[in-house]
Amino acid sequence: VPVEVLMQAKAKEPPSDALPKFVEAYTSFKHIGSLMKEACTGKLMTEWEQGVSKADKKPELVDMAPVLSAFMAVK
C-alpha cells in the first residue's frame with residue numbers, strides 16, 4: 001500500500017500544498033469513519049472546513065465509536 005506523507009508548513013515558512021491535497025483525497029471517498037462526538041477547533045480546522053465546503057462532493061461520515069468500543073472491549 002503506497003503511503004504519502006503530507007507535511008504542513010511551519011508558521012514562518014511559506015504555505016505548503018498539503019491541506020489541498022488531503023482535502024482532494026478525502027473528498028474522493030464515499031464513506032469516511034469519524035468519531036462524531038469529538039470537536040476540534042483552531043486555525044487548521046477553520047482551513048479544513050473551508051476546503052471541504054468548497055468541494056463538489058463530500059463523503060458520508062460514519063460514526064466509528066461503536067466499532068472502536070467493541071474492538072477494545074475485554075473479551
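Me: Which residues form the largest nonpolar core?
Reply: The model is a predicted one. Membership of a core requires buried nonpolar residues joined through side-chain atoms within 4.5 Å. Six residues make up the largest such set: Leu19, Val23, Tyr26, Ile32, Trp48 and Val52.

Me: Which helix supplies the largest share of this core?
Reply: Helices α1 (18-27) and α2 each contribute at least two of the core residues. The largest share is three residues, and the helix supplying them is α1.

Me: How many bridges join β1 to β2, and do the strands run parallel or antiparallel?
Reply: Strand β1 covers residues 31-34 and strand β2 covers residues 60-63. His31 has Glu60 of β2 as its bridge partner, and Gly33 stands opposite Val62 in β2. The bridges between the two strands number four, and the strands run parallel.

Me: In what order do the elements run from the N terminus on?
Reply: The chain has three helices and two strands. Read from the N terminus on, the order of these elements is α-β-α-β-α.

Me: Why is the chain said to be more spread out than a compact globule?
Reply: For 75 residues the globule rule gives 11 Å. The radius of gyration of the chain is well over that value, so the chain is more spread out than a compact globule, at 15 Å. As for the box filled by the C-alpha atoms, taken along the principal axes, its dimensions are roughly 50 × 30 × 30 Å.

Me: What percentage of the residues count as buried?
Reply: Buried means under 20% relative accessible area. The accessible surface of the chain is about 6,800 Å², with 62% of it belonging to carbon and sulfur atoms. Of the 75 residues, the share that counts as buried is 13%.

Notes. Residues are numbered from 1 along each chain as its sequence is written. This is a predicted model: local features need pLDDT of at least 70, side-chain atom pairs count only at pLDDT 80 or more; totals for chains, interfaces and linings use all residues. Side-chain values use heavy atoms; hydrogens and water are left out. Two strands pair if DSSP finds at least two bridges between them. The radius of gyration is taken over C-alpha atoms; the globule rule is 2.2 Å times the number of residues to the power 0.38. Buried means under 20% relative accessible area, exposed over 50%, partly exposed in between (1.4 Å probe, protein chains only). Accessible areas come from the Shrake-Rupley method with a 1.4 Å probe; for residues, only the protein chains shown count as cover.
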